[in-house]
Amino acid sequence: MRRPRRNRVSAAIRDLTQETVLTTNDFIFPLFLLEGKNKKSEIASMPGIFRLSEDLILKEIEFCLKAGIKGFDIFPVVDEKYKDKSATRSYDPDFFYLKTLTKIKKEFPEALIVTDVAMDPYSSDGHDGIVEDGKILNDETLDILGQMALAQADTGVDMIGPSDMMDFRVGYLRNVLDEQGFTDTGIMSYTAKYASAFYGPFRDALDSAPKFGDKKTYQMNPANSDEALIEAQLDFNEGADVLMVKPALAYLDIIHRLKSNFNIPIAAYNVSGEYAMIKASAQKGWLDGERAMMESLLSIKRAGADMILTYFAKEAASHLDLPL
């Protein structure tokens with residue numbers, strides 16, 4: 001008679017039979033960039049995560065590279081005075097975000113740098129597309145996204161991340177990049193980005209919440225699963241190099257479905273609200289925060305994610321041998 005517990009009786013046999021293993025190669029660390037020098041501001045709803053100015057973000061990347069973390073997704077914290085309806089600062093080569101990206105790639109060419117392509121950090125409306133009479137315009141937004149992608153690619157970054165969820169944007173951006181000679185710049189598409197309640201702390205970090213309404217006309221309905229395959233097929237056909245699911249923990253089934261149906265890398269974004277839940281519970285003493293962190297990350301990888309964008313990256317790197 002088979003007794004599965006025989007393979008659990010000691011730490012040694014549990015380690016030898018472990019099916020899913022996390023390493024620092026699985027992590028991409030999202031970072032928030034502030035304008036200026038020597039600025040560091042903790043995000044109240046994300047304990048341990050900071051907005052950092054250029055000089056400090058360079059030090060943070062250096063520290064993380066030494067810890068084995070090779071991937072970084074950089075998000076700009078844009079002051080309200082720079083925002084307008086057309087997100088013009090998003091492709092201004094003199095804007096601090098683009099200038100800092102250039103410095104990061106010059107100083108750390110070995111790092112994988114991913115950027116965010118969406119209007120909302122720069123938009124006075126707080127939406128991911130051009131707003132007209134309360135409606136988010138799809139095709140008119142593509143031109144701005146194209147200019148943004150070209151400006152980011154020109155800094156030398158490795159991969160752009162269109163997070164806007166406009167239809168056809170992956171193919172549009174691929175064509176724009178290729179026509180301008182950026183054939184090596186990858187696209188990590190936010191393929192199945194759901195209209196989720198788990199984004200709250202992130203919007204606090206960037207002060208990028210919509211000024212009216214919500215994002216349900218372009219982000220996906222949390223009730224839908226088959227629709228994610230439609231989005232993934234479109235992005236795959238349009239030339240995406242990586243397909244992303246966002247959020248991660250509430251959408252493990254979507255990660256698994258994409259991994260089962262597409263033979264390109266699948267990314268999962270372990271979002272701010274998921275991070276904040278574990279941190280808040282740990283602070284209250286309701287959870288063992290370290291074990292909950294590692295179990296959550298393992299579950300995302302077990303579901304099929306090839307790479308995990310997570311605010312836990314630096315902390316998890318020092319706990320990879322923590323027993324569950």
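Reader: How do helix 4 and helix 5 pack, at what angle?
Author: In this predicted model, helix 4 (residues 139–153) and helix 5 (residues 169–179) pack at about 45 degrees, with their axes 9 Å apart. That makes helix 4 oblique to helix 5, and their crossing is right-handed. Axes are lines fitted to C-alpha atoms, for helices over the stretch in contact, with angles from 0 to 180 degrees between N-to-C directions. Angles under 35 degrees count as roughly parallel, over 145 as roughly antiparallel, 65 to 115 as roughly perpendicular and the rest as oblique.

Reader: Which residues of helix 4 and helix 5 make the contact?
Author: Helix 4 brings Leu142, Asp143, Leu145, Gly146, Ala149, Leu150 and Ala153, while helix 5 brings Arg169, Tyr172, Leu173, Val176 and Leu177. Contact here means heavy atoms within 4.5 Å. By class, there are nine nonpolar, one polar and two charged residues in that contact. Ala, Val, Leu, Ile, Met, Phe, Trp, Tyr, Cys and Pro count as nonpolar, Asp, Glu, Lys and Arg as charged, and the others, Gly among them, as polar.

Reader: What about helix 2 and helix 3, what's their angle?
Author: Helix 2 (residues 54–66) and helix 3 (residues 96–107) pack at about 30 degrees, with axes 11 Å apart. Helix 2 and helix 3 are therefore roughly parallel to each other. Glu54, Ile57, Leu58 and Ile61 of helix 2 meet Thr100, Lys103, Ile104 and Glu107 of helix 3. That contact has four nonpolar, one polar and three charged residues.

Reader: Switching topic: how many cavities of 30 Å³ or more are there?
Author: Two. A cavity is a set of points on a 1 Å grid over the protein atoms alone where a 1.4 Å probe fits but cannot get out; a pocket is an open set with protein on both sides within 12 Å along at least five of seven lines, and lining residues have an atom within 4 Å of a point. The largest cavity holds about 140 Å³ of space.

Reader: And which residues are closest to the centre of the largest cavity?
Author: Of the 17 lining residues, those are Asp120, Lys193, Tyr199, Phe202 and Lys246. Strand 9 (186–193) and helix 6 (200–206) each give two or more residues to that lining.

Reader: What lines the second largest cavity?
Author: Met166, Asp167, Phe168, Arg169, Glu231, Leu234, Asp235 and Glu238 do. Helix 7 gives the largest share, four residues. The volume of this second largest cavity is about 40 Å³.

Reader: Where does the second largest pocket get its lining from?
Author: Strand 7 (135–137) and helix 7 (226–238) each supply at least two residues. Among the 17 lining residues, Ile136, Met166, Thr217, Tyr218 and Gln219 lie nearest the pocket's centre. Its volume is about 240 Å³.

Reader: Last one: which peptide bond is cis?
Author: The one from lysine 246 to proline 247, with omega near -5 degrees. Proline 247 sits in the loop between strand 10 (242–246) and helix 8 (252–261). Alanine 87 has a positive phi of about 55 degrees although it is not a glycine. Most residues other than glycine have a negative phi, and most peptide bonds are trans.

Notes. Residues are numbered from 1 along each chain as its sequence is written. This is a predicted model: local features need pLDDT of at least 70, side-chain atom pairs count only at pLDDT 80 or more; totals for chains, interfaces and linings use all residues. Side-chain values use heavy atoms; hydrogens and water are left out. Grid points are joined across faces, edges and corners, and a volume is the space filled by probe spheres set on the points. A crossing is left-handed if the near helix is turned anticlockwise from the far one by less than a right angle, and right-handed if clockwise.
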